[in-house]
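Please have your viewer ready and follow along.

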Amino acid sequence: MNQTTEILSLLEANAKLTAQEIAIRLDADAADIVKEIAMLEEKKVILGYHSVINWDLTEKDSVTGMIEVKITPQRGQGFDRIAQRIFSFPEVKDCFLMSGGFDLMIIIEGKSLKEVALFVSDKVAPIESVVSTATHFILKKYKMQGTVYESLLIDDREAIVL
């Protein structure tokens, strides 16, 4: 693995690492790491830094919906124009072009099931190229972005009766 890939892997696992900490792990010069990170940000390889937050442990009430969307591709533009129209909505957290039984996967966050349903019926479904949608709701997060949300402790000890 080259140094750039190692830097990116370290930052992906923990965006709070300093250039000095990365340099120590890679046995490199911290100034070189700072330059490499700046270049990666300038080239848009590094697009941002995010925290993984377990919102279930806060007072924020939200529902995450995963919406499968089948669309008719636009002549000369494929799926990109419709995808951009959809991901431009502020509710959309993620938007992916998929292979398989549907074309786009949209992930949105709302305050309630009804809010997510209204987003689909009022904003996504009416788009002319949208053929159909299927909405799924996340009931519990076990692992996201490589981070385990809660350890599932399984007591596999056998009970002994005396």
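Let's begin with Lys-93, which is partly exposed at a relative accessible area of 47% (buried means under 20%, exposed over 50% and partly exposed in between, with a 1.4 Å probe and protein chains only). Salt bridges that share partners join Lys-93 with Lys-60 and Glu-109 into one network. A salt bridge here is a side-chain nitrogen of Lys or Arg within 4 Å of a carboxyl oxygen of Asp or Glu.

This is a predicted model, in which local features need pLDDT of at least 70 and side-chain atom pairs count only at pLDDT 80 or more, while totals for chains, interfaces and linings use all residues. Residues are numbered from 1 along each chain as its sequence is written, and side-chain values use heavy atoms, with hydrogens and water left out.

## The bridges one by one

In total, the structure holds three salt bridges. Between Lys-93 and Glu-109, the N to O distance is 3.3 Å. Lys-93 lies in strand 2 and Glu-109 in strand 3, so this pair ties together parts that are 16 residues apart in sequence. Helices (H or I, at least four residues) and strands (E, at least two) are DSSP runs, numbered from the N terminus.

Glu-109 also bridges to Lys-60, with the closest N and O atoms 2.9 Å apart. Lys-60 sits in the loop between helix 3 (30–42) and strand 1 (63–71), and Glu-109 in strand 3 (residues 104–110), so the pair links parts 49 residues apart in sequence. Lys-60 is partly exposed, at 37% relative accessible area.

Glu-91 and Lys-123 form a salt bridge too, their closest N and O atoms being 2.8 Å apart. Because Glu-91 is in the loop between helix 4 (80–87) and strand 2 (92–97) and Lys-123 is in helix 5 (residues 113–124), the pair ties together parts that are 32 residues apart in sequence. Glu-91 is partly exposed at 23%, and Lys-123 is partly exposed at 32%.

## Two helices crossing

How do helix 1 and helix 3 pack? Helix 1 (residues 3–13) meets helix 3 at an angle of about 80°, with axes 11 Å apart (axes are lines fitted to C-alpha atoms, for helices over the stretch in contact, and angles run from 0 to 180 degrees between N-to-C directions). That makes helix 1 roughly perpendicular to helix 3, a label for angles of 65 to 115 degrees; under 35 is roughly parallel, over 145 roughly antiparallel and the rest oblique.
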